[in-house]
Amino acid sequence: MNKLNQSAAAMTNYRWVICAMLFFATTINYLDRQVLSLTWDEFIKPEFHWDESHYGRITSVFSIFYAICMLFAGRFVEWMGTKKGFLWAIGVWSVGACMHAVCGMVTEASVGLHSAAALAQATGDTAVLIATISMWCFLVARCVLALGEAGNFPAAIKATAEYFPKKDRAYSTSIFNAGASIGALFAPLSIPPLAKAFGWEMAFIIIGVLGFIWMAFWVFLYDKPAKNKRVSAAELEYIEQDKYEPIEQTAEVEKVPFKECFKHKQTWAFAVGKFMTDGVWWFFLFWTPSYLNTQFGIKTSEGLGMALIFTLYAIVTVLSIFGGKLPTLFIARSGQNPYAARMKAMLIFAFFPLFVLLAQPLGMAFADLGRNAAWLPVLLISLGCSAHQAWSANLFSTIGDMFPKGAIATVTGIGGMAGGLGSMFLQYIAGNLFVYAGETNMTFFGFTGKPAGYFVIFCFCAVAYLIGWCIMKSLVPKYKPITI
């Protein structure tokens, strides 16, 4: 470590360039994912005669296919390497994003109609046929999108482990993970106006092209630290400082057998954390625009709708970055090991989603404010989403704390599959619950119809993190790195 201290003055900071690239990739990832949620209720739903059950099926199938792909995406990244693996991932998902734009044309050709207006005016069996065919077209496009997007986090987590020492990984992960919030932040400012001005098809194409632009930069900027000419010897020493720790000597394995990962409780703890909480984030990502329209009559193409979604994710972006810094403060002040510090921070974050329980009641209590009452639920939801991003950054970092680098992408993929499964169940249940609640005027704690359905889902979202943390802690109560 003396060599590290002596050469600190000559240190470059190229690792933060890589972190910035991971941030932009994640931003594009979530922009592509958000196009459908911001266009379906206002633009796509009337054209194809959808209801919440159609959208719920599409989002649930996306989630399960994403989950399956995540299981193998980590292994694919380990096999291809970080650079090539990331290029394949973003290339595939950009193609999938652009494919959404042709769903209308395929539907028109299939039913023998020749314009969007003709589709929207159809009735009876023809309308049912249009809804079914269009849904399947979108399912195909969403599956291609999911196939590529599944590679983002395994590749990003692996790149972070390659370029950052353990003590910096939660912070660097929180920075690139903030790309999810930034993508969701800029989505309402860009996607609805694009759809309104040029049609929803062009919104998919324009956002999809961003991924191809990112690929051009990645080809020239990325290489492993030891091979990258832009990384100085001092920075390389800093990046590789963990190898001086005795516990790491037995942990440096190039590749870990796939089945081997399932033998360890640490893998299952990570998977449980993802299963219980990923669906919450995706629910708010996919359904908040529809919630605002259903509950308050606010469309995303309106100034108020854009302001609400923008504010939600602006708060998430700012607060979530600080969440990755909290474990570092615990380590500096108390000398705790990284895993203990992260679990302590995650317990704190797990309490914040409880604010979501107040979203619906306060929205009703201030109903006399009219549509402006939506600000209260949005602000409370933003606290829950901020907690998720901070939780997620630390959850991802627990992999690097306990697994050798050769297993990081694989374990990330396993956890991603678990998160996708959790999301699939939640999206499917939500879509069908909202239709059922609307048709039967279901009541729940004073709410009637679809608002009652939303409150049911909000209750689960509020407690999911505490349940997940308790199970994780019971599986891995103390820091125990894997040696293979």
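Which residues have the most contacts inside the largest nonpolar core? In this predicted model, they are W50, F138, F283 and F458, within a core that has 144 residues.

- Leaving aside residues up to four places away in sequence, F138 touches L36, I44, F48, W50, I58, H100, C103, W200 and F204.

**Nonpolar surface patch**
- A nonpolar patch with about 830 Å² of accessible area together is formed on the surface by V95, F198, M202, I205, I206, V209, L210, F212, I213 and F217.
- Its largest share, eight residues, comes from helix α10, which covers residues 200–221.
- F212 lies in helix α10 and counts as partly exposed because its relative accessibility is 36%, a value between the 20% and 50% cut-offs.

**Backbone**
- Most residues other than glycine have a negative phi.
- N441, in the loop between α18 (405–440) and β1 (443–444), has instead a positive phi, near 55 degrees.
- F445, in the loop between β1 and β2 (447–448), also has a positive phi, of about 50 degrees, although it is not a glycine; F445 is exposed, with a relative accessible area of 69%.

**Confidence**
- The mean pLDDT of the protein is 86, and 94% of its residues reach 70 or more.
- Over residues 247–251, however, the pLDDT is below 50, and this stretch has 10 contacts in the model beyond near neighbours in sequence.
- Where pLDDT is low, the predicted coordinates should not be read in detail.

Conventions:
Residues numbered from 1 in each chain as written. Predicted model: local features only at pLDDT ≥ 70, side-chain atom pairs only at ≥ 80, totals over all residues. Heavy atoms only, no water. Core = buried A, V, L, I, M, F, W, Y, C linked by side-chain atoms within 4.5 Å. Buried < 20%, exposed > 50% of the residue type's maximum accessible area, 1.4 Å probe, protein only. Contact = heavy atoms within 4.5 Å. Patch = residues over 30% accessible without salt bridge, like charges linked within 9 Å, V, L, I, M, F, W, Y side chains within 5 Å. Areas by Shrake-Rupley, 256 points an atom, 1.4 Å probe, with all protein chains shown as cover. Salt bridge = Lys/Arg side-chain N within 4 Å of Asp/Glu carboxyl O. Helix = DSSP H or I, 4+ residues; strand = E, 2+ residues; numbered from the N terminus. pLDDT = per-residue confidence, 0-100.
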